[in-house]
Amino acid sequence: MKDIREDIAWAKINQDVLKSLENPRKLYWVILFVALAMLGVAVGCEVYQYNVGMGVANMDNPHMWGLYIATFIFWIGMSHSGTLLSAILHLMHADWRKPIYRFAEAMTTFSLMTAGLFVAVHLGRVWQIYYALPYPNERGAWPNFQSPLLWDAMAIFTYLSSSIIFLYVGMIPDLAICRDRIHEGWRKKLYTLLSLGWEGTDRQWRNFRVTYLTVACFLIPLAVSVHSIVASDFGMSQQPGWHITSFPPYFVAGALYSGCAAIITLFIILRYVFKFEEYMTLPILKKIVRLTFAIAMVWTYLNAVEFASVWYSHDQASKDVLIQKASGTYAPFWWAMIFCGSIVPLALAFKRFQTNIPVLFAVSLLLNLGMWLERWMIVAPTFSHGIYPWTWDHDQWPSFVQWGMVFGSFGWFTLLFMVFCKVFPSVSMYEVKEMVYHRSKETKKQEETGKFAAAGKGAH
Amino acid sequence: MSISNLLENWSQFRHTHPVEDKPHDPYKWAMTIDLDACSGCNACSVACYAENNLPVVGKEKYAHGQAMHWMRIEHYWDEDVGEEGGREFPDQGAQFLPMMCQQCEAAPCETVCPVGATNHTPDGLNSQIYNRCIGSRYCSANCPYKVRYFNWYDYPSTDNVWPAEMAQQLNPDVTVRGKGVMEKCTFCVQRLAEAKVKAKSEGRIVQDGEVQTACQQACPTSAISFGNLVDPESRVHRQWRAQQVELDKDKQAKDEKEGGTELRGYRILENMRPYPSVMYLERVRESAI
Amino acid sequence: MGQRHLLALYSNFDEAEAVVKELRNTEIKGFDVNRDLIVKSPIEHPEVEGFLGNKPVRVQWFTLGGSLMGGLLGFFLISGAQANFYAQFKGGKPIVPFPPNFVLTYEMFILGGVFISVLGFLICAGLPGRRSPLYSANVSEDQIGILVKSDDSAANALKAIFVKHQALEIQEEAGK
Amino acid sequence: MMDSGFDRRDFLKVMGWGGAAAALSGCGNTSIENGKETVVSYVEAADYVIPGIGVYYNSTCAQCDAGCSINGRVREGRVLKLEGNPASAINRGRMCGLGQAGVQHHYNPDRLREPLLRNGDKGEIITWEKAYALIAEKLKGVSGEEIAFLSGGVSGHLKVLLGNYLASLGCKNHFVYEALAPGVVRAANKKAYGVEMPRYNISKAKVVLSFGADFLGAWVSPVHFSQQYAQFRRSVDGQRGVLIQVEPKMTLTGANADRWVPIRPGTEGVLALGIINALGTSTGEIAAAVKGYDRARVSKETGVPPGQIDKIAAILKLRSPSLVLAGGAAEGYAHGSQNAAAINLLNHVLGNIGKTVEATAAVPFPQMAPAKGNTAALKSLNDGLAAGKYKVLFNYAANPVFTAPGALKFKDNLAKVGFKVAFAHYLDETALHADLVLPLDSALEDWGTLVPEYMAEGAQINIQQPLMENLHPNTRGIGDILLALLKQRRPEEYKNYEDYYAYLRTALVQNKTAFGGHAVDDETFWNETLTKGIVKLPGTTAALSGRAGVAGLKLPAPVENDEQYPLQFIPSVNISLRDGRNSNQPWLQESPDPLTTIVWDSWMEIHPKKAAELGIVEGDIVEVTSRVGSIKTQAYLFPGIHPDAISIPIGQGHEAMGRYAKGYGVNPFQIMDAVFDRETGELAMHETRVRVSKTGQRVIIVKDESAAGAKQIREKIAARVSTDNVDLSKEV
Amino acid sequence: MHRFLRISVLLTGLIAALSISAAESPQATPMTEDSLGPLVEQPIEFPHDRHAGDADKGGMQINCMYCHTYARRSAVAGIPPLQKCIGCHQSIESVREAPRIKKLFEYWEAKKAVPWKKVHDLPDFVRFNHERHIKRFIEQQNRPFQEACGYCHGNVKEMTVARRSKALSMGWCASCHQKDHLVTAEGGTPVGGQAYWYTFYKPDTAVGSAEGLKAKGPNDCWQCHK
């Protein structure tokens, strides 16, 4: 079975995709509404917390960080798979990425935006957040560039802006299509503006190709650096359970992992909502699933390495943290994480599951749950069993404010994402055309070579 | 200016502190706490509340672990007491430990603050600038001693923290912290500043005993001594020297010696290299009884 | 004498290629293949460049400049800021420490690279730009367009060639 | 700088204090403000009063009866902080947490501000004139017998004034009541040493053997003893002092002991005799008296292992001089006097008299010497009330409704009094039942002289003077009130004293020669006195006359197993809350109990072993039931208590006294049996027996120590070494 | 080819220049430099010009610290006690009936302190020490007091009711401390190492040498923020 029908007409591609801008299924509106409601919860919580103080989140000494940071890492991680699909696979000329990379990139962008919000939500004095920006000011004071948090800010800003640019540049030809096809109205104006008068001349295509390649090259190291920097938020500190050498690769693997899982989820949703069955085909899904499985195993391995390195180290404190994770108050969550992160993906190894939409949907959600738990299990237990014995085993349970904020963040993300898919083509039309064009050519060649072979036999 | 400044003073900008070659001069505030004298009576802690405008958070918030005691008295019981097969009674008493900000020379909290709200002052303190703090709480997350306290609520406007009458007791020399900022023991910097200004105007440096921290002043057993480590005459200096504890070592020579040492000076978590400015003297227990 | 624009639309690349080849070979007065010929296609298609004879792409230079500038700027901005009036010791580290600054330099390097490359792309690809006088929406769907500019005299000859290769449609308008 | 000039009132005024609460406001705090705040400015200022610079005044701490001298920092007319006054021999510039919290007594938002007259169950505000008139009216035709005056420990000129007033009323019923006074020990000391409170010279002792005397925490004069303790630890001529603490429930002192000896409640005397026996140095009647107390028996009765007894005896023998203290835990029994006597006997045997137990100096003016509070007074008052003897009752600085054992039914008896006047700072439990409540100045607003019961060195009179003007215009000093009342009775005598200040001044200045100020003129003398805050006196030394007597020394065998009430109930004294008069000071409520780190609440300490038997775990809400009644509180598993005993701290469980005290914890006095010491008639606080039962509820205890229970693993956090490996004498 | 190179170089240069210039001037000049603060309504409209102004303008040239006497002894300059105003004015019959003086005496008879409003009111977390500055400028460098006070308070002798005329913002304070107030052996650092207080590094060369004394302003944030 082929990744995509090769005789599919280019005009049809345009129509199908452009349809998604017009009339999705009812489910779309349901999702949108639910997302909005969820966001409402978060906004309420934030207002409450802003007025009363961080205390309502039920953090304390030593539990200075809570779900906010954990979820922050989660969303950052989520963003990585977009880059994986668009940039890495692009360099590898894996053209099956073409129908799906667009929404993957959108996912990158929006999950980064969500992550960014958590930084603000986490701050005790969010109204002073501008202190953390390096801008020449009257006070003559600068942020502290030694702080991993600042590296974070820098990295995330770079990553966000780059991904937006990457997403946009890659979309220009499609915007041109929309410009040409869409009926009159504000949208047409918008597309006209954004498509920058793209005509698809040879000169444009030439520079386009090079630029797209260059930015892709930049994005890969960038993505890696971003999550290793997030890892260094913890790795740079002296806390047991954080001060671990294998953290950066561990985080990156985790990031790709959760990202891929999220892609599967969204893949399934979009496929249904926008009737993209023809482009987001099962064979492509199968490819992603296999990729996910591979990364899951990498993550599992790095997880094991982390435990092992702690186990064999002389750092008694870290050992205690590990033991406490596995047996203390947080044990259920910790084991749940192991289950969701390492056991559940094994299901993906089975062929019959690799194309079974309901199963995949459930699994992908479980995987993401596992990855979220992982982030929480990195943050919380260390606080309740740090170096200093006086504060040991002082466990703390996040208040509804924290939960609400986490809950709402998913609403926020879904909202942005869904709106994007409605306003912009979530399948790259021109690249699907390319895909179809090249594939059909390939097959023609093969057929011809086949014919000649047959003819040759006939001759003698 | 800064680029030119950068190039001019490059060597200075590459100095590290105190590990390398940054002698303090003329001041390096340090403290010694004699655990054998300390009776754990909490006087220092209350004195700190009085001096530094610490809010009383009340039972509920205390239950949430949101107490604001800069100076907390910890006690530790022997391992085996109450355990299975262990001793039935703590018959050697408890071990009390007044724990406050150790004013580390290489403080883990300083490097991680995104806005540089906590820095190392020239007189060897770990400053905390409230109005610069944005409340990322990274410093506390990175503090090995967990002695940084965060304003989870806006205490000045909270009921029964400072009613109108009690607000009159607030020390005008100390800023009252609003919600969302980190705070910690300052070695009573307001007192130090006052003394320094006085000394400066008289063209001298602060003499030993001229300035006391609130906890030191209150301590009924005089277990706390505080002063200028640079001044060879100061009690603190003499104590540190007698105990052979050196500020910029992460392992004291005396501990390397065979069969240990007769000296009881030590610094907590020294091996993590924060170079704390507080030396503790081990608690002593009679062997004959 | 005046100028004239012609746009011919073709259904596939082979025809387009044939046309271009012919235009190259035939010597038409008042028309220069390398200057007056533009091929428009719905997809990025290396073959087009192939038969157009490859013209150099300069975006990389922007990339180079941008990333270098980003990097240098990053380092000096940060070090300068650290060394400014309120220089403070932090955790016993030097006031201008290398590891953190390198991390940030690295990010700035990428940032500069990406931004300037894209800037370069816009400049090189002449975007944003007004749309050329003759534009057919079909180009963005499934047809290849060949846009030529020539003196009035050459117009007929060109048109002939286009027709010969079963152009789906030929648009024409007088240029200034 | 501490000179206090002519009219103090004037510059004690609180000036506009814009910058006082220098606040870090929330948003937009980086802008500079214009014309929002008012500047501190004076009408007239003494030239040493400078805005932004603290002025210090000496006074006396009134948080407990130890009589530490304080040194208050005043800025812009507001007292900010209390420090110790270095000149005082008692505290030598040191302060305890309790003393530090004095400012919160002064600034307490729940202080009484107006005279209140009972109207149904509400109090209506009346003027002072009306109040005085009312008292005069109520006293009309009431004989002195029918008047009772209940007060806490009073001394100095206040005592004189009070005495005069009572005399003017022809009233002899002055009950001086202190809930936690060492009454039994006083009596025993009187017998053994000839003085009620000798000077215990801890800093000279090489070994201190303390039978439940919490001298570092709450016993007699903690700050003074703490300082001596510090020297004693450092070295007593070259040797580090050894502290052995014998008590059923670990006190702060016990936690600091080299050896804490848990003993079966009530058998302290037995152990003392056992030690004398083990010493084997005694002869004659003493030897005879202790003959029976061989180590086997003693060990069996006290539960102290024989080896331990020998060790104690050995070290006492080896290191002399030593000091033996009899404290709260030993005296709180029906045979408390016997215990105390036995313990004091040990001092005689060890020959500590005159070495570490020294003669003390008394103030040459007996009328000013402290009227020592005790609990026997409560009993006699209560009996009187029960008999309905009294028509009018005055109450000052005592809160019997809160601190009287439940068995006495004090509250009911109090109701029998026709007219009850309370001089009070807060609307505490007793004031709540009064008919007329007169608001007092805080200790930082009032004038007075204090003579501490425990004299450190020489003799001294402490001056109490205002550190700022009255916070509330309508409060009065107790002295002023008494003076006003006296003027009702004897207008002639007192007409030329405008107020108590004038009275004090004259009283002191008249005898300035006796106070060592003969050279100077009155003005200077007065100012110097106020500046110093202390009047040091030559003092009259009371020689130690007591002798080692064993007459009437018989100790009952410990209670054998009591089925119904199996446990001994030990009401422990919290170092900061004491008898509960300070429970409404938030700093104290929030300063954790040193041993359990529990805040804002009561708890029941029980030994883990016992708890295991009863199936109790930490945080269980348990019901503690005695013959008298029962209270519910949270259980805290604490290895530092004898398995046969449980303990609940005193001071919590207020039903009144304002927002910081009301409704926190439980009041152990409620279940206390009314057992009294056979000889002295003092309340035997430890004689109550209880049973403990689970209620099924469980809470998370609010405490500072970690749930893990504060044990240190690996890391060198709070290190400890044995004396073998250190030499303190070399230290700086 | 070269065109593109030129463009890229140009762009690089442009942006570099911009950002470096940004880094070059860490404190951009305070926006409100020398702009007058709002006019504050005072209980009595006190005429500084009459008291401190120059003789030719009818002023009496009274030393600032005659009234604001606390400035030299305390961190806060304070407002003179009412008794000081009265001290002079009860003997100045000429203006006795002037409305402002009447008001003054009303306060005096009522023994009420005049509720002056703060004009130079820094945020509560900023602590400026008058004593130090007076000591340095007037006692050690003996500059004319009106100049010294004027650094922060502007030309008060020309005003009636004082009015803020300097920014009093952090950058503004700092700019001064960098600029021209070098810490010299005479100028406020009697004890050798004291120069250290004003430099971010301990001078390697002996104190007294120019380099060791380059005043970089107090680098200890706790100097002002406590």
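Mentor: In chain C, 82% of the contacts with a separation of 6 or more join residues 24 or more positions apart. Please bear in mind that this is a predicted model.

Trainee: How many helices and strands are there in chain C?

Mentor: Chain C has 6 helices and 4 strands. Along the sequence they are arranged as β-α-α-β-α-α-α-β-α-β.

Trainee: Is chain C spread out or compact?

Mentor: One compares the radius of gyration with the value from the globule rule, which is 2.2 Å times the number of residues to the power 0.38. For the 176 residues of chain C the rule gives 16 Å, whereas the radius of gyration is 26 Å, well over that value, so chain C is more spread out than a compact globule. Along the principal axes, its C-alpha atoms fill a box of roughly 80 × 35 × 30 Å.

Trainee: What percentage of the residues in chain C is buried?

Mentor: A residue is called buried when its relative accessible area is under 20%. In chain C, 60% of the 176 residues are buried. The chain exposes about 7000 Å², of which carbon and sulfur atoms supply 60%.

Trainee: Which strands form the closed barrel in chain D?

Mentor: The barrel has 6 strands, in the order 22-26-23-25-24-27, and their pairing is mixed. On average, neighbouring strands of this sheet are turned by 45° against each other, direction ignored.

Trainee: How many bridges join strand 23 to strand 26 of chain D?

Mentor: There are 2 bridges between strand 23 (residues 604-606) and strand 26 (residues 645-650) of chain D, and the two strands run antiparallel. D:Ile606 has D:Ile646 in strand 26 as its bridge partner.

Terms used: Residues numbered from 1 in each chain as written. Chains lettered and ligands numbered in written order. Predicted model: local features only at pLDDT ≥ 70, side-chain atom pairs only at ≥ 80, totals over all residues. Heavy atoms only, no water. Pairing = 2+ DSSP bridges. Axes fitted to C-alpha atoms, helices over the stretch in contact; angles between N-to-C directions. Buried < 20%, exposed > 50% of the residue type's maximum accessible area, 1.4 Å probe, protein only. Contact = heavy atoms within 4.5 Å. Areas by Shrake-Rupley, 256 points an atom, 1.4 Å probe, with all protein chains shown as cover.
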